[in-house]
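Subject: The model we talked about

Hi there,

Here is the structure I promised to pass on. Please open it next to this message, and then read on for what turned up.

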Amino acid sequence: MEDLNRSHLNTASDNQPTVIQQTEQVNTKVQERFDAELHAFITVITESSWFNALIMFTIFLNALFIALETENKIKNMSPDLFLVMDELFLAIYTIEFLLKIYAEPVGYWKRSYNLFDFLVLALSLVKAVILKFYSGKPRGVGALGVLRASRTLRTLRTVSFIRGLQVLVTALLDTIRKSVLNIVMLLLLMMFLFGIMGYYFFGYKNDSDTENWGNLGSAMLTLFTYVTVDGWTDLQHILDEKNMSGSRIYTVIFIFLGHFIFTNVFIAVIIMNISEATENYKTEQKEEREAVIRHKKEFMTRRQHSEVKQMMEKQRSGHYTNFNEMVAEYQRTLRHNDYMFLTDHATNLLWIELYLKSLDHMDNTMFRVQQLQFEMADVLAELMEKRFKKRFGMV
């Protein structure tokens, strides 16, 4: 049975690469670089939690300064401070970009959130270059205000560091790409049909409401107001003043279709996709935890097998005088913080047999201890009885 378990373990380890083998492969790839040590050091930095925390703190501090810059009183008190801090934030973002590019020259561009970070950094660098070569208000550079406003996009970089926000954003984008576009197209088609009908019902004649229904564009805008149900009562009041017959029925039908049905369908689709994305995220987290446990289990199993193998070799070569010395040496290799996986033992027939025998020995020992306790109680009872008889003269 032991040979079968060992052969099965060897077959499984041969078919699937272990964590140690994967680590050795990564180290081999890293060693191919001439700057392997520096690359490994930079990789550890970029993947560390304190580095991400520093970037997150920089993003929040940058957002705070952008908000304070909108107050003229605070800005006029120290205008140079905001320029210096903006350059400092830009320098930190640039250093972060260079470090991540150095750590992952190819993998960096495979993540969509990294591409967004690079786009925000590129806009900031373009703005800095324009301000460097054009003093004051540059003539012919009308996009400078847009570039300054693009600094607010830096706050969206928090999505790159928070996994939960990434799940929500990804679910929202997938919903818009897959389902929402079809719903919006159907809504626009319905608005087009009702807009044409509204034009002929309420805007075709000279004494009609030409301001809101005089052409297709104004009619579509009026229908959008009906969809949002914000101010539709004022539009209906204008139609009532012009004695437009059937306007209330028209308004009620479109609000029922455009607002109650399409809006609720839109919200339901988003909620369903976000719920599905959240479940997938929880499943991924569970799989990651299970993978970590499997890796730890595999590493400890290989280490224990190697230690047992070394002890068996020492026993064959005569390094141990007896079996107790070998067991004592093995006990010194055990660690209190090692994980213990009971699944393998629970399915091992040899371990089950040893466990049942140990339980039998425990039962026998407990029975003997009970018998010894009963005998001691009987002896003590006899001694007490003799003392009582001797004291009261009953002997």
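Why does Phe202 count as buried? Phe202 counts as buried because its relative accessibility is 1%, where buried means under 20% relative accessible area, exposed means over 50%, and partly exposed lies in between (1.4 Å probe, protein chains only).

Before the rest, some housekeeping. This is a predicted model, in which local features need pLDDT of at least 70 and side-chain atom pairs count only at pLDDT 80 or more, while totals for chains, interfaces and linings use all residues. Residues are numbered from 1 along each chain as its sequence is written, and side-chain values use heavy atoms, with hydrogens and water left out.

The overall picture

The chain has 16 helices and zero strands; these are DSSP runs numbered from the N terminus, with helices being H or I of at least four residues and strands E of at least two. Of the 395 residues in the chain, 24% are buried. Among contacts (heavy atoms within 4.5 Å) with a separation of 6 or more, 66% come from residues 24 or more positions apart.

Helix H9 (residues 163-203) has 41 residues and spans only 52 Å between its end C-alpha atoms, whereas a straight helix would span 60 Å. The expected span is 1.5 Å times one less than the number of residues. H9 bends by about 50° at Val180, the bend being the angle between axes fitted to the seven residues ending there and the seven starting there. Helix H16 (residues 349-391), with 43 residues, reaches 63 Å from its first C-alpha to its last, close to the 63 Å expected. After H16 comes Gly393, with a positive phi near 70°.

Aromatic rings

Rings of Phe, Tyr and Trp (its six-membered ring) pair if their centres lie within 6.5 Å; planes under 30 degrees apart count as stacked, over 60 as edge-to-face and the rest as tilted. By this rule there are 22 aromatic pairs. Phe201 and Phe202 make an edge-to-face pair, at 6.0 Å centre to centre and 65° between the planes. Trp213 and Tyr250 are also edge-to-face, at 5.7 Å and 80°. That pair links distant parts of the chain, 37 residues apart: Trp213 is in helix H10 (residues 210-213) and Tyr250 in helix H13 (residues 247-317). Both Trp213 and Tyr250 are buried. One aromatic cluster takes in Phe194, Phe201, Phe202, Trp213, Tyr226, Tyr250 and Phe254.

Polar side chains

Asn212 is also in H10, and counts as buried because its relative accessibility is 13%. Its side chain makes a polar contact of 2.9 Å with that of Asp209 (a pair of N or O atoms within 3.5 Å; within protein, one must be able to donate a hydrogen and the other to accept it, and residues adjacent in sequence count only if both atoms are side-chain atoms). Beyond four places in sequence, the contacts of Asn212 include Ser218, Thr222 and Leu235.

His39, in helix H3 (residues 36-46), is buried at 10% relative accessible area. The His39 side chain reaches the backbone oxygen of Ala103 at 2.9 Å. Glu47 sits in the loop between H3 and helix H4 (49-69) and is exposed, at 58%.

Best wishes
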